[in-house]
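Subject: Structure handover

Hello,

Here is the structure you asked to take over. My notes on what was found in it follow below.

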Amino acid sequence: MTEAPEPDVPNGRAHARNRPGTPCRVSLMVQEMAAAQAFYGEFFGWEFQPVPRRLGPGVRALLDGREVGGIGQLPPGEHLSVAWTPYLASDDVDLTAEQVRLCGGTIGVGPLDGGGNGRLAIGSDPWGAVFGLWQAEAHPGAELAGVPGTPVWHKLLTYETAGAATFYTRLFAYDPKPHGSADADRVALHLDGRPVAGVHGVGRALPRDRGPHWMTYFEVADTDEATERLVALGGRVLTPARDTTHGRVTTVADPEGARFALIRRAR
């Protein structure tokens, strides 16, 4: 587990409009929808609302009636990774998707209409890390931020930062800045002078079964208490909780193996 810069996340409603490149929503694709809803409903206190049928089996995850994420059903027989995927805001998903291809990435889903709420695509960078693109229309993305049960940070774990930072900066004009100690291969991606996501090069330390991937950090009120509840609900601890300059963090997995981080941010 590594430290992350302190994101500029207010408590309460998320921004109505996101600058291109800002992580604006997250989704999880699972094998067992009912089991996933039971786990996250109990763990984060989420409630769920079905999405339009034309988008396939899925639900919006709500906290206090406001969207914080989504859960979708993997197609039967597809042995794909169960993982949380961040979506990056775009003013034109079709144009950004084409830029992804031109920069060496791939687009696996879309671009397609998101039920009148926006337009989306799902792709991967040249090293295989999966991410989404979201062009807001009626729905800007997550409606609540900065409180327990909401995503507060996203970090790309990859082989090395230079190539990855260059790829994403070509898409969204980030300002990548070194973060942490001089010997650490970490950068923070900045927009308008604030960090919105991180990139951490870990070389061969990447899990063999995962490869490069994005990690979502969820806010919790108490990291240790949340970890105990997660284990009781069938989840696993991947790295023990530890204190950092930005809060107490741990990396965990849900019962299907989707990895994410928990953080009690320093106040």
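**Findings**

Of the 267 residues of the protein, 51% count as buried. Please keep in mind that this is a predicted model. The protein has four helices and 18 strands. Among contacts with a separation of 6 or more, 64% come from residues 24 or more positions apart.

**The eight-stranded sheet**

Eight strands form an open sheet with mixed pairing, in the order S3-S4-S5-S2-S6-S9-S8-S7. Its edge strands are S3 (47-50) and S7 (106-113), each of which pairs on one side only. On average, and ignoring direction, neighbouring strands of this sheet are turned by 25 degrees against each other. Helix H1 (residues 33-44) packs on the sheet, where it touches S2 (23-30), S3, S4 (58-63), S5 (66-73) and S6. The direction of H1 makes about 155 degrees with that of S5.

Strands S6 (residues 84-89) and S9 (residues 130-136) pair in the parallel sense over three bridges. Tyr87 has Gly132 in S9 as its bridge partner. Helix H2 (residues 93-102) lies across S7, S8 (118-124) and S9, and runs at about 170 degrees to S7.

**Nonpolar cores**

The largest nonpolar core has 27 residues. Those with the most contacts inside this core are Tyr40, Phe44, Trp46, Trp84, Phe260 and Leu262. At least two core residues each are supplied by S2, H1, S4, S5, helix H4 (223-232) and strand S18 (259-265). H1 gives the most, with six residues.

Which residues is Leu262 in contact with, leaving aside its neighbours within four places in sequence? They are Phe43, Phe44, Phe218, Val220, Thr223, Ala226, Thr227, Arg248, Val249, Thr250 and Val252.

There is also a second, separate core of 25 residues, which includes Leu88, Ala121, Tyr168 and Tyr174. As background, nonpolar side chains in soluble globular proteins tend to be buried together.

**Helix H3**

Helix H3 (residues 161-172) has 12 residues. From its first C-alpha to its last, H3 reaches 16 Å, close to the 16 Å expected at 1.5 Å a residue. The buried residues in H3 are Thr161, Ala164, Ala165, Phe167, Tyr168, Leu171 and Phe172. Seen down the axis of H3, these buried residues fall within an arc of 160 degrees, so they line one face of the helix. An α-helix has 3.6 residues a turn, so residues three or four places apart point the same way.

Regards

Definitions and conventions. Residues numbered from 1 in each chain as written. Predicted model: local features only at pLDDT ≥ 70, side-chain atom pairs only at ≥ 80, totals over all residues. Heavy atoms only, no water. Pairing = 2+ DSSP bridges. Axes fitted to C-alpha atoms, helices over the stretch in contact; angles between N-to-C directions. Contact = heavy atoms within 4.5 Å. Core = buried A, V, L, I, M, F, W, Y, C linked by side-chain atoms within 4.5 Å. Buried < 20%, exposed > 50% of the residue type's maximum accessible area, 1.4 Å probe, protein only. Expected span 1.5 Å × (residues − 1). Arc of directions from axis to C-beta.
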